[in-house]
Amino acid sequence: MLSRLTFLLRHFGVLLAFFLIMKVAFLLIGEHFNPLQWAAVWWHGLTLDIATAGYLTAPLWLLLLVSLFVPIPSLLLRRIYTTYAVVVGALLALIGVANQCLYAFWGFPIDGTIFTYLDSPKGAAASVSPLYLVGAALLVAAVAAALVVALRRQCPRRPLENLPWRQRLAATGGAIVLGGLLFLGIRGGVGKSTANVGTAYFSQEQFLNHAAVNPAFSLLSSMAKSKDFAAQYNFFDPADGARRFADMGYNTQSIPADTLLAVEHPNVLLILMEGCGGTFVHGIDSLADARITPTLNRLCDEGVCFTQCYANSFRTDRGTICALSGYPSFPDVSVMKLPRQAATLPSIAGALRREGYATEFLYGGDINFTNTNGYLLATGYQRTYGDTSFSADERRTHAWGVTDSIVFDRLYDMVTAYPAGRPWHTAMLTLASHEPWEVPYNAFPDDKMANGMAYLDHCLGRFLDRLRQTAVWDSTLVVILPDHGIEYPAGEGHASLRRTRIPLIWTGGAIRAPRRIATLCNQTDLAATLLGQLGFRHNDFRFSRDVLSRTYTHPSAVYSWPEGLWYLDGSGQTVLNLMTKPVSISMEQPAPSATRADNAKAFLQTIYDDLGAR
């Protein structure tokens, strides 16, 4: 009888030991060698480790409970368990190793976000070398094999005899008690709050919090989140939430105070720069190395530079929608990967197309990655071009596809070939400044990130210098901004205003005069501001504001990532921790503000309600 019950405990114990070992590996890779930190990570992550081990032990508990009443041959039980051990071992090894590998790129524990990228294996693997992938696969296999061996050793070797009814009754009672303990472990204890990722958070150092999170729990819990978006983050009743959001000053009106343009309806060229946040551009960040992006620095002086613009998100698929559709980013969902909802979004291309503009989009990578092509075509781009529009040799010039110098040459050919008489809008997304930052350039040999951005800046400068020599220049507005910023230099987390500040530059012959605009704004405000300057309506851009309009009376910015959201206005910054239940405030500067906190919550509630209604 005891062998049946102690088997479950041994299985549970092996899983718990595995999670603790993986935490040590995570800390060591992160260069954290302090045993006191290890102990803190173990202790604070124990609730999630117990819950995950409980989930993975529960099916065996149910099987053995059934076996007390329905005779199951011992050999069959062992075979079932062996199969189960192999599945569990493989999945946990894959999740554990993937968490270690992806953390360097994402900066947060693995969650359901990964599934938005795995439907395009080529794109998902482009950030790393084939040798890296092979090494990771071998590591997964080794970890899985070790875990499976350890689990199989726990299976009773002697036959599980059929018990007399009295022993069977006692065993049933013991199994029920054990099942109750498993339930409490899965739930996270007897308190009101059930186990959630925020349970593991304990430190001001986010890395230690992330180390404490069980990656399998993080992944499974994010997958299990409700897809009823309107039901998420309901901080206020609907009327109160709507009133609070209205007080934040979001509106779709344009009453321009002046104009930035010398041409009434210019061509519009929009260049989205992969990852080139403000920490690379001395023109808006005095701490940035001026040698990295001399072209952008020069453009900050020669064109119109919005010096207090902030990104909305941390990933390309989300930042692209923010820039092109004026639609905010979400902490736990990529709208681009929701074809039905993405197709309902407004966009700069759609608005300009209604006004008679020809519209095209150019990218040197896989344009189907994360449903990019579907979104672009659904929202107003008449033609899109990805890596398949280039030769096979050109598609091998970068890990993600075609390197920027070649794509900028194609862009030059496109925009100088448009027939006169009809305005056009073309957008381009760069890619060479994406990890692994392997570029045909060597300005910063000891800093791959800076070198990648320097290469992008070089390619951009060469393209603009060529375009200036054509007749197209005088009638063209060139809008330049990144899709998002990145952690550069190291230590600039998602809550860092420096990391999330981005360059937004308007240049081209259509610009009336150089100007610096220090108005606080968001990446999402590009759409309304641009359309307002062109004199075109933007009524359907609910979350985009014309920052040059007299109606822009409440300057603010918002940024979100899977763990949080921050809200910034003239009084300071408030950061919400979305991992705790209920949502808590993790940082406020320079001083606490109930208004800022309520605005952040009202914004979050409103955007989820809007997405749920699409």
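A residue counts as buried when its relative accessible area is under 20%, and this cut-off is applied in the views below, which are taken from a predicted model.

**View 1. Cysteines C309 and C322, neither of which is in a disulfide.** With a relative accessibility of 0%, C309 falls under the 20% cut-off and therefore counts as buried. Two cysteine sulfur atoms must lie within 2.5 Å to be called a disulfide, and by this rule the count for the structure comes to zero.

**View 2. An edge-to-face aromatic pair formed by Y103 and F207.** A search of the whole structure finds 27 aromatic pairs, and in the one formed by Y103 and F207 the ring centres are 5.7 Å apart, with 75° between the planes. Y103 belongs to helix α3 (residues 74-106) and F207 to helix α7 (residues 206-212), so this pair ties together parts that are 104 residues apart in sequence.

**View 3. A stacked aromatic pair formed by F245 and Y250.** The centres of these two rings are 5.1 Å apart, and the angle between their planes is 20°. F245 counts as buried at 7% relative accessibility, as does Y250 at 11%. F245 and Y250 are also members of one aromatic cluster, which includes Y233, F235, F236, Y327, F330, F543, F603 and Y608.

**View 4. Arginine side chains whose charged ends sit over aromatic rings.** The charged end of R410 is placed over the ring of F390, at 4.2 Å from the ring centre. In the case of R466, the charged end sits over the ring of Y412 and is 3.8 Å from the centre of that ring.

**View 5. A nonpolar surface patch that includes L181.** The patch has an area of about 520 Å² and is made by V177, L181, F183, L184 and V190. Among these residues, L181 is found in helix α6, which covers residues 165-187. L181 has a relative accessible area of 53% and is therefore exposed, since the cut-off for that term is over 50%.

How values were computed
Residues are numbered from 1 along each chain as its sequence is written. This is a predicted model: local features need pLDDT of at least 70, side-chain atom pairs count only at pLDDT 80 or more; totals for chains, interfaces and linings use all residues. Side-chain values use heavy atoms; hydrogens and water are left out. Patches are made of residues with over 30% relative accessible area and no salt bridge: like charges are joined within 9 Å, nonpolar side chains (Val, Leu, Ile, Met, Phe, Trp, Tyr) within 5 Å. Accessible areas come from the Shrake-Rupley method with a 1.4 Å probe; for residues, only the protein chains shown count as cover. A salt bridge is a side-chain nitrogen of Lys or Arg within 4 Å of a carboxyl oxygen of Asp or Glu. Helices (H or I, at least four residues) and strands (E, at least two) are DSSP runs, numbered from the N terminus. Buried means under 20% relative accessible area, exposed over 50%, partly exposed in between (1.4 Å probe, protein chains only). Rings of Phe, Tyr and Trp (its six-membered ring) pair if their centres lie within 6.5 Å; planes under 30 degrees apart count as stacked, over 60 as edge-to-face and the rest as tilted. A charge sits over a ring if NZ of Lys or CZ of Arg is within 6 Å of the ring centre and within 35 degrees of the ring normal.
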